[in-house]
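Let's take a quick tour of how some protein chains sit against one another, and then look inside one of them. Keep the picture open while you read.

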Amino acid sequence: MLINCVAYQNGRKLADIAIADISEYVSRPDCFVWVALVDPTPEELDPMTGEFGLHPLAVEDARNGHQRPKIEEYDDSLFAVLHAVEVTPEQGAGEFTVGEVDIFAGRNYILSIRPRTMESFTDVRARCEREPELLVHGSGYVLYALMDAVVDRYFPILDDLESSLEQAESRLFEGTSTRSRIEELYGLKRRLMTLKHAVTPLMESVGKLYGGRVPQLCVGTQEYYRDVYDHLTRINGAIESIREMHATAISVNIALISLAESEVTKRLAAWGALITVPTLIAGVFGMNFAHMPELQWTFGYPYALAVMAGVDLVLFWRFRRAKWI
Amino acid sequence: MLINCVAYQNGRKLADIAIADISEYVSRPDCFVWVALVDPTPEELDPMTGEFGLHPLAVEDARNGHQRPKIEEYDDSLFAVLHAVEVTPEQGAGEFTVGEVDIFAGRNYILSIRPRTMESFTDVRARCEREPELLVHGSGYVLYALMDAVVDRYFPILDDLESSLEQAESRLFEGTSTRSRIEELYGLKRRLMTLKHAVTPLMESVGKLYGGRVPQLCVGTQEYYRDVYDHLTRINGAIESIREMHATAISVNIALISLAESEVTKRLAAWGALITVPTLIAGVFGMNFAHMPELQWTFGYPYALAVMAGVDLVLFWRFRRAKWI
Amino acid sequence: MLINCVAYQNGRKLADIAIADISEYVSRPDCFVWVALVDPTPEELDPMTGEFGLHPLAVEDARNGHQRPKIEEYDDSLFAVLHAVEVTPEQGAGEFTVGEVDIFAGRNYILSIRPRTMESFTDVRARCEREPELLVHGSGYVLYALMDAVVDRYFPILDDLESSLEQAESRLFEGTSTRSRIEELYGLKRRLMTLKHAVTPLMESVGKLYGGRVPQLCVGTQEYYRDVYDHLTRINGAIESIREMHATAISVNIALISLAESEVTKRLAAWGALITVPTLIAGVFGMNFAHMPELQWTFGYPYALAVMAGVDLVLFWRFRRAKWI
Amino acid sequence: MLINCVAYQNGRKLADIAIADISEYVSRPDCFVWVALVDPTPEELDPMTGEFGLHPLAVEDARNGHQRPKIEEYDDSLFAVLHAVEVTPEQGAGEFTVGEVDIFAGRNYILSIRPRTMESFTDVRARCEREPELLVHGSGYVLYALMDAVVDRYFPILDDLESSLEQAESRLFEGTSTRSRIEELYGLKRRLMTLKHAVTPLMESVGKLYGGRVPQLCVGTQEYYRDVYDHLTRINGAIESIREMHATAISVNIALISLAESEVTKRLAAWGALITVPTLIAGVFGMNFAHMPELQWTFGYPYALAVMAGVDLVLFWRFRRAKWI
Amino acid sequence: MLINCVAYQNGRKLADIAIADISEYVSRPDCFVWVALVDPTPEELDPMTGEFGLHPLAVEDARNGHQRPKIEEYDDSLFAVLHAVEVTPEQGAGEFTVGEVDIFAGRNYILSIRPRTMESFTDVRARCEREPELLVHGSGYVLYALMDAVVDRYFPILDDLESSLEQAESRLFEGTSTRSRIEELYGLKRRLMTLKHAVTPLMESVGKLYGGRVPQLCVGTQEYYRDVYDHLTRINGAIESIREMHATAISVNIALISLAESEVTKRLAAWGALITVPTLIAGVFGMNFAHMPELQWTFGYPYALAVMAGVDLVLFWRFRRAKWI
């Protein structure tokens with residue numbers, strides 16, 4: 001589905017144009033066309049391939065989807081695949097949904113495709129149009145603006161992961177370890193890997209858009225791409241930290257489970273002693289010896305019960321002091 | 001066994017030719033010969049060595065088999081070894097079989113050898129012949145097409161591994177941990193290593209077929225080799241993810257086993273208490289004191305039984321509330 | 001809030017100057033201005049942007065804060081973000097607070113901003129003014145002096161971590177493993193990651209300020225930047241050591257918990273035997289056989305008690321010898 | 001001890017020569033001398049040092065032994081240290097013995113020294129003499145042939161390790177985990193490290209003998225050195241796989257031990273219940289209440305025994321169904 | 001404290017000279033001065049700074065101590081910091097003491113400083129003076145000789161670690177795991193990290209003293225520095241091996257502790273059964289049923305005891321066969 005098709009000149013919007021007019025605007029020297037598609041049919045994608053001279057391998061990637069993030073150079077054009085990571089709205093615990101954003105960028109065109117539905121980029125377009133002094137850099141700047149928008153949306157995802165870790169940490173040392181806590185830690189890891197999968201390959205690709213030799217398209221906007229790279233590095237660093245703390249948390253969790261088991265064993269053994277010791281005493285007085293004088297005592301029975309209770313009190317006090325009960 | 005021996009010119013099939021005629025076609029400037037062998041005998045392999053001028057070390061590798069994936073440059077020809085990973089058909093749980101594909105590629109020849117029987121490449125040949133505009137690139141394109149076919153067959157293998165992991169994950173948190181689950185996780189790891197073994201060395205080798213200085217054969221088809229590289233990177237990234245989730249799953253499994261043991265211990269201890277406490281009471285009333293008035297009561301016995309049952313009910317209720325039973 | 005605004009010439013302080021006079025001093029060839037701000041309002045920051053020609057992306061970073069440490073080159077100026085790590089004063093166990101220091105450095109200006117309140121740099125300024133032979137190197141030297149001050153403050157933090165690890169180690173092998181020890185190890189890891197987060201990215205950035213091609217600003221003071229780099233490498237090496245010992249400590253802790261559990265099990269079983277064996281003996285003498293001669297012995301009962309005690313003594317002695325009790 | 005001292009010219013053996021004649025042959029332009037020593041005394045080694053102009057540091061290394069594998073360039077000669085790994089014959093379980101092979105190679109000489117006794121290289125010499133078309137490459141080819149022979153002997157070692165791992169794997173899931181299985185896994189790791197120690201440093205060194213700038217000696221035989229490198233890479237890859245599977249096997253083993261313990265606990269508890277429940281029943285009928293009508297029944301005793309047996313049967317059946325027994 | 005101050009010319013000792021005469025000898029073209037200090041006071045260090053033109057940052061490092069190993073280039077001079085690792089003599093178990101060796105080396109001087117007392121370098125000086133043909137290389141050779149001496153002293157330390165590991169390994173599989181074994185493994189790790197700390201950074205630094213561009217001082221003695229590098233690589237490789245085996249040993253130790261616990265549990269349960277089964281039998285014969293014919297048998301009591309003993313014998317035999325006892 002076509003969302004927008006707009007021509008820009010010298011950083012300012014010229015007009016919403018029809019697909020058929022693209023070739024006219026594309027041929028003007030200081031003009032570029034910005035097309036946005038959502039879940040395009042092959043019929044919608046085909047004319048773009050012709051108008052902009054897209055490379056068949058890139059078009060095939062966009063058609064198939066499920067690519068890993070990358071930025072590929074085809075002659076003087078770029079093909080970028082980004083992962084848009086979003087918290088799945090209906091799930092409180094926060095599973096992630098991964099959408100894909102494909103961007104074709106040439107000297108005089110930008111074509112963005114969102115193969116599966118997700119948050120739109122209309123705010124990016126609006127911001128670009130409000131800042132003509134930046135948009136004058138052309139399609140290279142628009143590519144940056146789109147990438148920056150996708151990357152900026154990783155930060156709340158990262159915050160979500162960091163607060164999940166903190167929550168898991170604080171619950172680690174409260175109460176005993178339960179099955180749900182382990183499940184929570186495992187889920188956190190899976191979501192972490194999803195974000196890492198979106199960030200790491202992109203970081204490597206963006207790192208080639210500034211510094212030494214860069215694609216022609218990015219020459220005037222290198223500092224902006226370095227800024228995106230810096231954001232990605234920051235997210236990546238945070239992911240690594242979470243990953244390491246997570247591994248420590250899992251180890252610590254195993255230690256805590258062993259420790260809890262150890263404590264339960266002690267507690268049970270203590271209560272067991274409180275039962276078996278009087279059982280032994282009762283057994284003694286249940287023996288059938290002919291000469292057991294205390295059996296004839298008037299208060300022999302209460303004495304025996306008192307001895308049982310007394311021994312248990314002493315044991316209880318000692319176990320309590322040793323923190324076994 | 002010889003499967004095919006075909007000469008091509010300008011992207012079109014000339015004719016099926018005899019082994020003896022190879023040298024004639026190879027000497028024509030814009031012509032190349034594509035030979036496919038399966039489990040060749042030394043007698044079948046020897047003439048190829050002569051016709052195409054294959055390097056003895058490469059021929060020896062092809063003869064011995066059991067190489068790791070690699071792409072080696074010998075003057076202006078290439079020798080590629082690929083692993084063809086297939087799900088062993090008779091085994092439901094999915095063990096993998098690894099076949100080998102050896103490809104010799106020179107300016108005017110392609111020789112593919114499959115030392116152990118496996119899926120054929122006739123579909124690759126058919127597709128190449130349907131696209132003469134691509135086949136016109138010559139043997140470099142055929143080499144790409146064969147590699148692409150092998151690599152594309154890794155994707156269902158990868159899907160198999162990913163769904164195995166998901167299955168293992170979902171079973172991890174259901175019921176208690178059993179021996180078979182550990183065995184399943186171990187088997188997954190072994191299959192993962194098999195795929196990794198096929199992918200990682202190949203990825204390193206393919207990475208040298210595009211970008212800076214590349215073998216003469218691949219100059220016109222660099223973007224295709226980059227596409228293969230991109231596929232391999234994607235598979236490799238997925239393997240790394242599975243590997244890391246797998247390690248976490250093993251840790252989590254150990255935690256779950258400890259936890260389950262801890263829960264069993266509690267349950268047993270609770271049931272133990274329900275047996276030992278009335279045993280103590282019975283022991284008390286089994287003592288032989290002369291003066292135990294309750295022993296003479298008409299309803300002493302039922303009372304005693306009621307006390308036993310009552311104490312057990314209270315204990316049972318408390319254990320149930322603490323989720324020990 | 002403005003802290004200082006001073007002009008320097010040939011390594012000597014000229015005068016405290018007003019914001020409005022900055023442009024005058026900046027234009028003099030061998031003169032530079034050093035401005036220090038704390039928690040600046042946008043109104044305070046804006047004139048600086050104009051006077052010194054700061055890059056909008058850098059200014060945005062300084063405004064937003066929460067950057068990771070980095071040193072970025074914008075044309076012939078540098079933008080450095082450092083993390084100032086401090087022990088949170090009110091907490092004895094030593095949680096860390098991370099402040100941020102942003103420094104803009106150009107040929108003839110230094111602008112330092114501390115977005116969140118923390119230790120000041122007045123001592124750095126004082127030291128610089130005492131050593132005019134070094135300050136004559138200009139803003140490149142001041143940038144070094146500020147970075148050196150921040151990095152020097154990492155050493156007590158590192159000492160704190162090392163002594164925490166030593167403390168944890170020495171407590172590991174004393175007494176039994178408790179919940180608080182695990183919590184302590186986990187907290188140590190978190191603090192370690194905080195310091196690592198401040199050091200590692202900075203180390204990478206500083207590594208580019210000496211050696212091969214360096215920013216113009218640092219040309220005359222390369223050896224000083226190498227010294228900062230050397231300090232960071234030293235801290236980084238120490239962090240890695242702590243990290244590795246910490247991982248070993250966690251493993252060892254798990255082993256110790258298992259071992260302690262094993263010892264508790266043995267101790268309990270030994271005491272259990274001391275109770276159940278006499279219970280068996282009492283049970284035997286509680287049987288109702290008509291012909292049990294010893295039941296009629298005058299000293300049968302004391303004998304029985306003696307046997308019970310004797311058996312327990314033997315058991316106790318054996319358990320003690322086997323170190324089970 | 002001197003084994004051989006032979007002069008070669010144009011790929012063909014000239015003659016067995018005396019030590020004293022070496023200098024004469026060495027000075028001929030297209031001639032080289034191949035000397036083999038075993039456990040040489042300093043008196044045997046000294047003349048070689050003079051004849052061939054060996055570097056004192058290399059000679060010292062050869063004299064001392066216990067070097068790590070390496071290939072060092074001294075002007076236009078090479079000094080190679082290889083590890084010869086062999087299965088110690090008298091030990092069935094297969095401990096490894098590591099011998100050392102030192103090779104000095106110059107334009108017109110090859111000197112191989114085996115400091116500790118091991119398999120000889122006479123087969124290498126024989127093969128070289130059978131292939132004069134290859135031996136014509138001179139000392140560079142002989143160096144290759146010797147290295148190739150050592151490296152080829154790693155493959156059975158590797159097979160030994162792989163089958164050890166497979167054996168350990170198959171035993172992992174049979175029966176319960178025993179001490180000997182852990183010991184076996186530990187021994188496998190030690191042997192793996194021995195092979196890794198021989199392979200990894202050598203691989204790094206051989207990697208410098210082909211490709212970009214290579215020592216003069218290897219210029220004409222680069223493809224052969226690449227072949228050795230390829231073998232080493234293959235072995236190294238296999239070592240890494242074994243290492244990773246081994247780590248997984250150790251983790252899995254810990255899980256299996258925990259699981260086995262858990263199963264033993266259940267089994268014991270079940271059998272315990274089969275004993276303690278009838279003990280409770282016996283205790284009840286052992287109470288001394290005056291009014292316990294069933295005690296007077298003619299078949300009270302058999303009934304009681306039947307109840308005990310019945311309860312145990314029910315419990316046994318339930319435990320069996322729950323797979324606890 | 002000044003140890004030596006000697007002038008050398010053309011590889012031969014000229015004379016012991018006074019501090020005041022240094023400048024005279026330093027100015028001669030083919031002459032160099034070698035000064036050795038131990039724990040120097042600032043007053044002793046200051047004249048050196050002037051005479052040799054030492055860089056203030058290097059002098060500060062030497063003054064402060066506690067540096068990590070490094071080799072820094074200051075113009076045409078080098079500043080090397082080495083760690084001298086020694087077994088602390090009074091402790092049998094072998095804790096390590098780390099001393100520091102600082103060496104300033106210029107074209108015509110060598111200044112070695114040992115900030116904390118340790119083994120001296122008089123043997124190095126003696127050896128150098130005995131080999132004038134090597135000492136003729138000048139201060140670059142002396143720097144090598146000092147570094148070589150420090151590095152050679154790492155080998156016994158490494159042997160100590162290796163034999164500690166072997167000892168720990170052999171004790172791992174003997175007897176049950178005890179607290180002291182874990183402590184031993186932990187101590188081994190700490191000592192390993194101490195050696196690693198001395199070796200790894202030095203290895204990186206020495207790697208820059210041979211090969212491509214090297215400091216002027218080392219040009220004629222590159223092969224010697226490569227030899228030092230080779231020694232460091234060997235030690236580093238051995239450290240990595242120990243580290244990996246150590247990690248495996250810790251894992252294996254945890255497995256062994258679990259296994260030992262499991263075996264103890266079985267043993268205890270077996271003995272428990274030997275007690276509880278006769279207790280049940282005694283309980284049965286302690287029941288008060290009126291009609292229990294066996295109670296009236298003359299040999300009922302001995303029969304009952306025989307049954308108890310018989311059942312226990314059968315159980316004992318079965319437990320022994322199952323290796324539970």
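Buried area is the accessible area, taken with a 1.4 Å probe, that two parts lose on being put together, summed over both. For chain A and chain C, that comes to about 4,400 Å², with carbon and sulfur atoms giving 63% of it. Bear in mind that this is a predicted model.

**Where chain A meets chain C**

- The contact draws on 48 residues of chain A and 48 residues of chain C.
- You'll find 5 salt bridges between these two chains.
- One of them links C:Arg243 to A:Glu244, whose closest N and O atoms are 2.3 Å apart.
- On the chain A side, helix H7 (154-172) and helix H9 (222-285) are the elements that give two or more residues.
- H9(A) gives the most, with 34 residues.
- Sort that side of chain A by class and you get 23 nonpolar, 14 polar and 11 charged residues.

**Where chain B meets chain A**

- Here 48 residues of chain B are in contact with 48 residues of chain A.
- Together the two chains bury about 4,400 Å², and 63% of that is on carbon and sulfur atoms.
- The interface has 5 salt bridges, and B:Glu244 forms a salt bridge with A:Arg243, with 2.3 Å between the closest N and O atoms.
- Polar contacts join 17 residue pairs, both residues being at pLDDT 80 or more.
- From chain B, helix H7 (154-172) and helix H9 (222-285) each supply at least two residues to the side touching chain A.
- The largest share of that side, 34 residues, comes from H9(B).

**The sheet inside chain B**

- Chain B has an open sheet of 7 strands with mixed pairing, in the order E2-E1-E3-E7-E6-E5-E4.
- Strand E2 (12-16) and strand E4 (70-74) of chain B are at the edges with a single partner strand each, so one side of each has no neighbour in the sheet.
- On average, neighbouring strands of this sheet are turned by 20° against each other, ignoring direction.
- E4(B) and strand E5 (residues 77-87) of chain B run antiparallel and are joined by 5 bridges; B:Lys70, for instance, has B:Val81 in E5(B) as its bridge partner.

**Helices lying across the sheet strands**

- H7(B) lies across E5 and strand E6 (96-106) of chain B, at about 40° to E5(B).
- Helix H8 (residues 179-206) of chain B lies across E4, E5 and E6 of chain B, running at about 160° to E5(B).

Technical notes:
Residues numbered from 1 in each chain as written. Chains lettered and ligands numbered in written order. Predicted model: local features only at pLDDT ≥ 70, side-chain atom pairs only at ≥ 80, totals over all residues. Heavy atoms only, no water. Contact = heavy atoms within 4.5 Å. Salt bridge = Lys/Arg side-chain N within 4 Å of Asp/Glu carboxyl O. Polar contact = N/O pair within 3.5 Å; in protein donor to acceptor, adjacent residues only side chain to side chain. Helix = DSSP H or I, 4+ residues; strand = E, 2+ residues; numbered from the N terminus. Pairing = 2+ DSSP bridges. Axes fitted to C-alpha atoms, helices over the stretch in contact; angles between N-to-C directions. Nonpolar A, V, L, I, M, F, W, Y, C, P; charged D, E, K, R; others polar.
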